[in-house]
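The exercises below ask you to read a protein model one piece at a time, and each is followed by a worked solution.

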Amino acid sequence: MKSDIDIALEAELQPIQQVAEVLGISGDDLDLYGKYKAKLTDELWEEIKDRQDGKLILVTAINPTPAGEGKTTTTVGLGQAMSKIGKKAVIALREPSLGPCFGLKGGAAGGGYAQVVPMDELNLHFTGDFHAITSANNLLAAMLDNHIQQGNALRIDTKQIVWKRCVDMNDRVLRNITVGLGRKADGVTREDHFIITVASEIMAILCLAENMTDLKERLGRIIVAYDYEGEPVTAEQLNAVGAMAALLKEALKPNLIQTLEHTPAIVHGGPFANIAHGCNSMRGTKTALKLADYIITEAGFGADLGAEKFFDIKCRMGGFRPDAVVLVATVRALKYNGGVPKANLGAEDLDALKRGIANLEKHMENIAKYDVPCVVTLNQFVTDTEAEISFVRNFCEERGCEFALSKVWEQGGEGGVELAHKVVDTIASKESHFHCLYEDSLSLREKIETVAKEIYGAGNVVYEAAASRELDRLEHLGFGNMPVCMAKNQYSLSDDPKVLGRPEGFTIHIRDVYVSAGAGFVVAITGTIMTMPGLPKVPAAERINVDESGRITGLF
């Protein structure tokens, strides 16, 4: 069986100008990055901004398991299938992070015959957006420390510095460090920290900014520290905004590539959904909506994380009204949730499927709370039996949820035709009455508890003393009207990754809270979630190589 990267490298790509023509984009509106990648110019937006929006489809999933779900594969395959049935479609995705690429997950461009390409370049440096974000983040950190070193006119309390450095790599030893060691000229000695680039507030800002003016205003609102009186100190006060914006000028432009079947794909931004808001850029989605009749986007991890943040953060800020949701599951993942070890998932087990499908049911119920029509799709494996597929189909249809099989990994767009027809018919026959889960006027605690109880199924929320004090401070400083961005493990509806299925009545533990004032949300850290992941015992990096011809291997 061919690997994903073998399939991708053997594909015949079209010049990106040819792909752009499908969307009515001229060569003058492309900034080329080689033959197969381009950025969309600011001038393009001015040309298309008054067009009517297409239909917005969100692809989400059950909680991820080692068995695999194939959310990105389904997103890509659905876009290809829309083209197969004569619909003008574009895919809107996030860019992969180097952290999971070299860590546990490997590449993140879809799989099989439903991939975006060039897959190897996308998974590695792509157009340099993540490098620009990393540089802008660390420039602000350098200017902060330099200000303290040069007299500290803003009276920054070095015990209350909240801005962290970042790197787009899983590197656990950088979580907690000491900086400024050495001579007096080497800076003030203090505790510091690193986060992964996708968790940086600058990543969130880039993905939520409408334009350069909005980007600069958001950058200026970043809180880097508090002074001795407890008042916020911002990036604007450090005079860092202009230089950061200069680093981000090109990164702000959405990227255009293609699928294996030449369906256009706008790939831009990459915040994680377990520690950030988990959606592609506002500009990418808004541009896509003006260019095609059907826009297929995804949000990270399960619907309890990515979809909730897509609805309650991105749609709230961007004014989006999604027309349908595709909820991805696999028979294998449902049986895993029912207690079957990964090694035994190929055998038929209806009893385990009946236990594990409770996880899917909870996500179906959660989507219904936003009043958006939902289509459940099974990403089919060869080991799935007719009895298992029929059980899932009947389970969904008995609860008023549409259902379709997907075979896009093996068959590409052709394997997604059933799903494409089902999505188109659902949008035509079922009206979306989208609304957010909670109102802006609720307190931060009420928002946290609404998500924990309504989406996760928790019975109680407890706050560590420091988190409780910070919530009080943020309310006092005027940030109480912001939405909340819950940082939670992706493997369980609870904050304990070992609890599978559909736990109920559990307690969610809020360990830490901080405001991303530029992004416009308050982050609540639950359980033991880390904003700087570590590498596994055998990282994916050990399997990656490149031969003398430049051909990369080992990227899944």
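**Exercise 1.** Find which residue of strand E23 stands opposite Cys485, and describe how the two strands run.

Solution. Cys485 stands opposite Val523 in E23; strands here (E, at least two residues) and helices (H or I, at least four) are DSSP runs numbered from the N terminus. The next step is to look at the pairing, for which DSSP must find at least two bridges between two strands: E21 (residues 484-487) and E23 (residues 521-526) run parallel and are joined by 4 bridges. Finally, turn to the two faces of E21, where Val484 and Met486 on one side and Cys485 and Ala487 on the other are all buried, buried meaning under 20% relative accessible area, exposed over 50% and partly exposed in between, with a 1.4 Å probe and protein chains only.

Before going on, note that this is a predicted model, in which local features need pLDDT of at least 70 and side-chain atom pairs count only at pLDDT 80 or more, while totals for chains, interfaces and linings use all residues. Residues are numbered from 1 along each chain as its sequence is written, and side-chain values use heavy atoms, with hydrogens and water left out.

**Exercise 2.** Decide whether Val328 is buried or exposed, and list what Val328 touches.

Solution. Val328 lies in strand E17 (residues 324-329), and Val328 counts as buried because its relative accessibility is 0%. Leaving out residues up to four places away in sequence, its contacts (heavy atoms within 4.5 Å) include Val59, Ile62, Lys71, Thr74 and Asn379.

**Exercise 3.** Work out how many residues of helix H4 are buried.

Solution. H4 (residues 71-84) has 14 residues, of which 12 are buried. Lys71 and Thr74 are among these buried residues, and both also touch Val328. After H4 comes Gly86, whose phi is positive, near 85 degrees.

Key: Expected span 1.5 Å × (residues − 1).
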